Amino acid sequence: MKLKDILQSAGIYFQKVPDIEIKGLTRDSRQAKEGFIFFASKGALKDGKLFIRQALENGAAAVIADEKIDSPEGKCFFASDFEKAVNKISRFFYQNPSASIYCAAVTGTKGKTTVSYMLEKAFTDCGSRPSVIGTVNYRTGGKIIREAPNTTPSEPVLSETLDAFLKEKSDICIMEVSSHALALNRTENIDFDSAVFTNLQSDHMDFHGSRQNYLTAKRKLFERLSASPKKNKIAVINADDEACNEMLSACSKDIRTILYGTGKDCEIRAHNLSQTPASSNFELMIAGRKEADIKLSMIGEHNVYNFLAAFSLLKMKGLSTGLILASLEKFASVPGRLEKISSKSGFHVFIDYAHTEQSLISVLMALRKSGPAKIITVFGCGGDRDKTKRPAMAKAACSMSDFVFITSDNPRTEDPQAIMNDVEEGVKGLFSNYQKIADRRQAIRAAVKAAAPGDFILIAGKGHETYQIIGDQKTHFDDRQEALIAMKQEGKE
């Protein structure tokens, strides 16, 4: 594909454009190769224009920047609306891959990853070849295409990933769509077929500034679905969430909408819900009639909602109830989402990604309903992120746990002790059932040491993550591994 044609696709016109064949696109100067276009702009942490020379030395054929750059080689081009230009070029270069694959989006504060894994399993069990773009990784047919730097990548990675899925013969892409991605128009190129809304809780206020802005960002997914030229579009929306009507109002008339939840007006709902330490049990109702008794191999009301969300999309997509239930009732866990490690000493450790007040409450409620002797919680709050949730998370943890270890969770450039002090402000003078231990490894070991038969330990905040960010350094750290090591050290394997 010629550079001139690519530039014209984004409305970038210059009198002299080298007659160059373009072989790839990248925002990372380290990945620039011969024949690549390097996109250079000011980012949140670094300015990509500082790496133009490196990209050219690596073989980049051209640079498109968000400012005018003097270039003796005549290889630097200016885009007045930089992000829109990147989107247009990516769509043109990869020939709009979303047009050739069924694109199912999942958005919401919580549940995106679990719903995505459920959909992936059910579609696979029913004979499709689904792919996933999400928080854990980007994968197809069990093959990881790349690790996930973001839940929803920006262009050109997004189109490149979809193109890779098509080359692997995938027919469905399940995409977790974050509020950041929607606010920053990362999915502007995607022609969606369906969209799922799980819930809206307070999160990412450091980025969005207000709950209304956060809601507006989530709503954009259904606006994108409405704008999609695809036929037989589907919207699946949690009727029990306060943002339900906002999502519904964004749906055009050609979209088939379905509501799920626990209320009588829901077309697909859970009725007579009960919990055991090993399962969630309820009656599945469709259009007011009992369809089946469900024994879901996951605990927690939030996982019942996740099941309903996945089931609703699968049912609307045309899969039979029998096939869906045969797949989903056997669904056991997602990496870092109430992932259970059992000790021979008679207690259980749960690894969960819960990193907001409401998600912590949901997980602790689920664990409490399963009948533990005690709940011991280990959690921290990330540095350089929303500070307003720190005291609220502490109050939730201490009010719903028997004991809490407040610790570090990716402190980044903040002082871990200062973060813990912010957290403690929510419980100081109100609770005494907590201890601050800055070293997360030692905090996990202290929790394991304190555990007795029948107890549950919740290690919250990092879930599937296998790293700890201290300063600007990312080092290996896996809560699951640390829990197993602590069990061995304490003789409680």
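**View 1. Helix H10 passes helix H11 in a right-handed crossing.** In this predicted model, H10 spans residues 301–316 and H11 spans residues 321–328. The two helices pack at an angle of about 145 degrees, and their axes are 10 Å apart. From H10, the contact draws on Phe307, Ala310, Phe311, Leu314 and Lys315. H11 answers with Thr321, Ile324, Leu325 and Leu328. Sorted by class, the residues of this contact comprise 7 nonpolar, 1 polar and 1 charged.

**View 2. The second largest pocket has a volume of about 220 Å³.** Its lining is made up of 13 residues, and those closest to the pocket centre are Ser297, Met298, Ala332, Leu338 and Lys340. Counted by class, the lining holds 7 nonpolar, 3 polar and 3 charged residues.

View 3. Look for Leu338 in the loop between H11 and strand S16, which covers residues 339–342. With a relative accessible area of 10%, Leu338 falls under the 20% cut-off and therefore counts as buried.

**View 4. Ala287 also has a positive phi, here near 55 degrees.** This alanine sits in the loop that links strand S14 (280–286) to strand S15 (289–296). Is Ala287 buried or exposed? Its relative accessibility is 56%, which is over the 50% mark, so Ala287 counts as exposed.

**View 5. A cis peptide bond joins Glu155 to Pro156.** Omega for this bond is near 10 degrees. Pro156 belongs to the loop between strand S8 (143–147) and helix H5 (157–167).

View 6. The loop in question runs between strand S21 (456–460) and strand S22 (467–470). Which residues does His464 touch, setting aside those up to four places away in sequence? They are Thr135, Val136, Pro335, Gly336, Arg337, Tyr353 and Arg480.

**View 7. Ala32 is buried in the model, with a relative accessible area of 6%.** You will find Ala32 in the loop between strand S1 (24–26) and strand S2 (36–40). Apart from neighbours within four places in sequence, Ala32 is in contact with Thr26, Ala55, Asn58 and Ala60. For a sense of scale, the C-alpha atoms of Ala32 and Ile89 are separated by 16 Å, and these residues are 57 residues apart along the chain.

Terms used
Residues are numbered from 1 along each chain as its sequence is written. This is a predicted model: local features need pLDDT of at least 70, side-chain atom pairs count only at pLDDT 80 or more; totals for chains, interfaces and linings use all residues. Side-chain values use heavy atoms; hydrogens and water are left out. On a 1 Å grid over the protein atoms alone, a cavity is a set of points where a 1.4 Å probe fits but cannot get out, and a pocket is an open set with protein on both sides within 12 Å along at least five of seven lines; lining residues have an atom within 4 Å of a point. Grid points are joined across faces, edges and corners, and a volume is the space filled by probe spheres set on the points. Ala, Val, Leu, Ile, Met, Phe, Trp, Tyr, Cys and Pro count as nonpolar, Asp, Glu, Lys and Arg as charged, and the others, Gly among them, as polar. Axes are lines fitted to C-alpha atoms, for helices over the stretch in contact, and angles run from 0 to 180 degrees between N-to-C directions. Helices (H or I, at least four residues) and strands (E, at least two) are DSSP runs, numbered from the N terminus. A crossing is left-handed if the near helix is turned anticlockwise from the far one by less than a right angle, and right-handed if clockwise. Contact means heavy atoms within 4.5 Å. Buried means under 20% relative accessible area, exposed over 50%, partly exposed in between (1.4 Å probe, protein chains only).
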